[in-house]
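Got the viewer open and a cartoon on screen? Follow along and I'll tell you what to select at each stop.

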Amino acid sequence: MKILKLSLIFSLLACFCLSGCGDKQEVHPEIGKYVDLLKKQHTPAKEYIFSLFKNHDIVLLCERSHDERSQYDLVYDILGDERFAGYGGLLFTEVGSTGITGPVNAFLQGPDLTERELRDSLLWFQRRLTWQPWARNGSSYDLMETLYGINRSRNRDRMVTWYPTDVHLEWYDGIDRKHYEAFAREKIANRDSLMAAHVIHVLDSVSSGSDQPVKALVIMNYRHAYGNGFTREPGRKPDNTGRYLFDRYGDRIANVLINQLSFLEVKNGEEIYGPAQDGRWDAAFLLAGKTDIGFGFKGSPFGEDDFDNWILNRGAHRYQDVFDGYVFYQPLENWVFSEGTDGLMDANYMARAVEYTRVVFAVESGSKHSFPEDYIRGELNKWDRRIVRPYFDEGELAGRDKWLFPAGGPE
């Protein structure tokens, strides 16, 4: 935390020097065009999202990594807005399997619960949230709790309905290797097309029974949210959820990227991420004093930049080819890492998760490796408590901060 605060102080001092020295100082020429545009932008991120709903039925939001908590304040603000309720209150998320849809909405739209009943219900769903044997995403627990609170203040016809969209596997009551292999072959391998098919089925079904246009917020991260202008190989459309949705709905859908890190490389088996455009974008927002804003990519220098969110085929796309819009919500200093759920691993869930994890490890390793139960339990126990800390450690903001000095200033 101390290191992060020092970096923030450094950044603010740099901004103070830039803004307080009049014509004697200049913004670095490589970020000047971004700063100039941002000074003219005044639409908050939430309002930009709602502006897209005026002309589109679906807004597909590309979120950051699921473990970054601060971004969900924007999501909760959208879901809690009465305008979203008026659009039908449909939410689709990558996180969560389709199999819990009925029970979770009966809970979210059901009667008031005591504090103990609420806690028990949230843990019940968290343990069955996904086809993975570990529910590491504390954000899903928070989402359910927030939706429950939002719906408490609304009539039934204006409540939010949550449609978890990921593929589903009944593993909780026991599963063998053959069953998991079939699931991996039939579902995981076709995950993006199946997630898109679920969204399409629900939206079309709800729309057919409504006299009003039905609108929905769809939240996916990384490539799942890319539009159909993106290709992995020239002339070949990608197997991305966003691509299928754009193919189906055309101009009825718009996709938006929230400020996030870019996937830079794989080094010694480790994925390396860093600020977009080598830190230029984040530096420009800091210098312009913008922490909550949204705008379209087309006609902006941001949209013209090479798309560096995807690690392969760099230079093949511009940002405006892949996303319609951009929202900047919270600078890097304010990002929060949040993972795990307090009390998740009771004895029953631990036993079931250990059994399932053994099956998964055996299949994924081709039976070449076996893992002791103590090791598996140790790994699963990591998710038995909520871990909250600053998202960035020492030196991780340097990629942005190097652009904060004026042209000709310190290197």
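Start by selecting Asp 278, in the loop between β7 (270–275) and α12 (280–288); helices (H or I, at least four residues) and strands (E, at least two) are DSSP runs, numbered from the N terminus. Asp 278 has a positive phi of about 55°, although this residue is not a glycine. Most residues other than glycine have a negative phi. Asp 278 is partly exposed at 38% relative accessibility (buried means under 20% relative accessible area, exposed over 50%, partly exposed in between, with a 1.4 Å probe and protein chains only).

A note on what you're looking at: this is a predicted model, where local features need pLDDT of at least 70, side-chain atom pairs count only at pLDDT 80 or more, and totals for chains, interfaces and linings use all residues. Residues are numbered from 1 along each chain as its sequence is written, and side-chain values use heavy atoms, with hydrogens and water left out.

Next, jump to Tyr 222, in the loop between β4 and α11. Tyr 222 is another non-glycine residue with a positive phi, near 50°. Its relative accessible area is 21%, so Tyr 222 counts as partly exposed.

Now bring up the sheet. In what order do the 7 strands of the open sheet run? Trace β3-β2-β4-β1-β5-β9-β8, and you'll find mixed pairing (two strands pair if DSSP finds at least two bridges between them). β3 (161–166) and β8 (292–296) stand at the edges; each has a single partner strand, so one side of each lacks a neighbour in the sheet. On average, neighbouring strands are turned by 25° against each other, direction ignored (axes are lines fitted to C-alpha atoms, for helices over the stretch in contact, and angles run from 0 to 180 degrees between N-to-C directions).

Zoom in on β8 and β9 (residues 325–329): they run antiparallel, joined by 5 bridges. Pick Gly 294 and look across to Val 327, its bridge partner in β9.

Last stop: Gly 32, in helix α2 (residues 32–38). Is Gly 32 buried or exposed? Gly 32 is buried, because its relative accessibility is 15%.
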